[in-house]
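Please consult the sequence and the coordinates alongside the text.

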Amino acid sequence: MDIAKLILRLLDLAVVGALTMERAQALQAVVGPMLAEGRDPTPDEWAALRAQGVDLDARLDAANSLLNG
Amino acid sequence: MSDTTGTEIKVQPSSGVPLIMNIFRQLGIIAGGCALIAAMIGKRDLAGFIALMQGDQLAPMAAALVFVSASLGSLWKTAHNEWIKRTLADEVSDDLARVQAHGPAKLIIAIIAALGLTSCATIGSGASPAQKLFEARGYYNVVKAAAVDYAESPTADRRVVREIAHIRDLAQPSVDYVDAYVACRAEGQETVRIRGVVDPVDCRTFNFSAASISGAAIALRTAATQILAKTGGK
């Protein structure tokens, strides 16, 4: 692997890392007040979480079949 | 893999690192680990960092320190091998460089993992079963989003993507369990639709005891950690 490829991979990971931290903070912004108020998640909050998961599964399957299909 | 190991032994004999470099490396790991974790938690002064270490976050912070230290060691080894490769051995295989390049990747992923673990506020706390499941499911989504970003990036390794998809498949029963909990408990339905199952499943077939719910939350966090480890390379 030449140095350009290595730098490209590091940049990829830095972007993924920054996005992941943002998403973790977004999750905490929902869960934190929920814990503080002592209330359970609403049906809408559950539905949003579920929809997010279905979308991610579809994208992972697409990427996987593109690379390994 | 045996080729790579063989090459590595040839290129970097264990006695080849001077003692002073070893000491320097250890000091660097410790200082770097502390600085990274301190920066991570937004406490850039030493006093604040020590106060936090003495608080109830000691265990996750210690785990994070170990993660980061190991990764920094790996990073140093990468740089060192790169230097040897460039100055001493011209005929080192690309395989070695490819394997070593995972060092920096692991560092970044370890920081994300440490952040994720320390942000899981419901672990061992008095959170309700629904709150525990919600956060575990949310954390699993956050990690899966990172894995999808990686899988869609131009430098994605096809074997790694396949393994991530496999871990996801193994974790699916836990995700289905959360769906069942939402339908049966939060929404009060009598049956639930599970992906891949044609007929609705009777809620009475699921065990919603506290132990069972904790087990599902732990299974989701474990799957998330495994996916993170894969995303960072082997």
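How many helices and how many strands does chain B have? Chain B has nine helices and two strands, where helices (H or I, at least four residues) and strands (E, at least two) are DSSP runs numbered from the N terminus. This is a predicted model, in which local features need pLDDT of at least 70, side-chain atom pairs count only at pLDDT 80 or more, and totals for chains, interfaces and linings use all residues. Residues are numbered from 1 along each chain as its sequence is written, while chains are lettered from A and ligands numbered from 1 in the order in which they are written.

**Chains and overall composition**

- The elements of chain B follow the order α-α-α-α-α-α-α-α-β-β-α from the N terminus on.
- Chain A, in turn, has two helices and zero strands.
- Of the 234 residues of chain B, 35% count as buried; a residue is buried if 20 or more other C-beta atoms lie within 10 Å of its own, exposed if 12 or fewer, and partly exposed in between, with C-beta atoms placed from the backbone.
- In chain A, 26% of the 69 residues count as buried.
- Among contacts in chain B between residues at least 6 apart in sequence, 74% join residues at least 24 apart; two residues are in contact if their C-beta atoms, placed from the backbone, lie within 7 Å.

**The largest nonpolar core**

- The largest nonpolar core has 44 residues, such a core being a set of buried Ala, Val, Leu, Ile, Met, Phe, Trp, Tyr and Cys residues joined through C-beta atoms within 7 Å.
- At least two residues of this core come from each of helix 1 (3-37) and helix 2 (43-68) of chain A, and helix 7 (129-151), helix 8 (158-186) and helix 9 of chain B.
- Helix 7 of chain B supplies the largest share of this core, 13 residues.
- The residues with the most contacts inside the core are B:L133, B:V143, B:A147, B:A151 and B:A224.
- In soluble globular proteins, nonpolar side chains tend to be buried together.

- Helix 7 of chain B has 23 residues and reaches 32 Å from its first C-alpha to its last, close to the 33 Å expected at 1.5 Å a residue; the expected span is 1.5 Å times one less than the number of residues.
- Because 21 of its 23 residues are buried, helix 7 of chain B is largely enclosed by the rest of the structure.
- B:F134 lies in this helix and is buried, with 27 other C-beta atoms within 10 Å.
- Not counting residues up to four places away in sequence, B:F134 touches A:V31, A:P41 and A:L49.
- B:F134 and B:V182 are 48 residues apart along the chain, and their C-alpha atoms are separated by 9.6 Å.
- B:A151 is in contact with A:L60, A:A63, A:N64, B:A156, B:V161 and B:I164, leaving aside its neighbours within four places in sequence.
- In helix 2 of chain A, the buried residues are A:W46, A:L49, A:G53, A:L56, A:L60, A:A63 and A:N64, and the buried residues of this helix pack against helix 7 and helix 8 of chain B.

**Helices 8 and 9 of chain B**

- Helix 8 and helix 9 of chain B pack at an angle of about 170°, with their axes 9 Å apart; axes are lines fitted to C-alpha atoms, for helices over the stretch in contact, and angles run from 0 to 180 degrees between N-to-C directions.
- That angle makes helix 8 of chain B roughly antiparallel to helix 9 of chain B, a description that applies to angles over 145 degrees.
- Residues of helix 8 of chain B that meet helix 9 of chain B include B:I164, B:I167 and B:Y177, and those on the helix 9 side include B:L220, B:A223 and B:I227.
- Helix 9 (residues 210-231) of chain B has 22 residues and reaches 32 Å from its first C-alpha to its last, close to the 32 Å expected at 1.5 Å a residue.

- B:R162, in helix 8 of chain B, is partly exposed, with 14 other C-beta atoms within 10 Å.
- Leaving aside its neighbours within four places in sequence, B:R162 is in contact with A:N64 and A:N68.
- B:A211, in helix 9 of chain B, counts as exposed, with 7 C-beta neighbours inside 10 Å.

Key. Angles under 35 degrees count as roughly parallel, over 145 as roughly antiparallel, 65 to 115 as roughly perpendicular and the rest as oblique.
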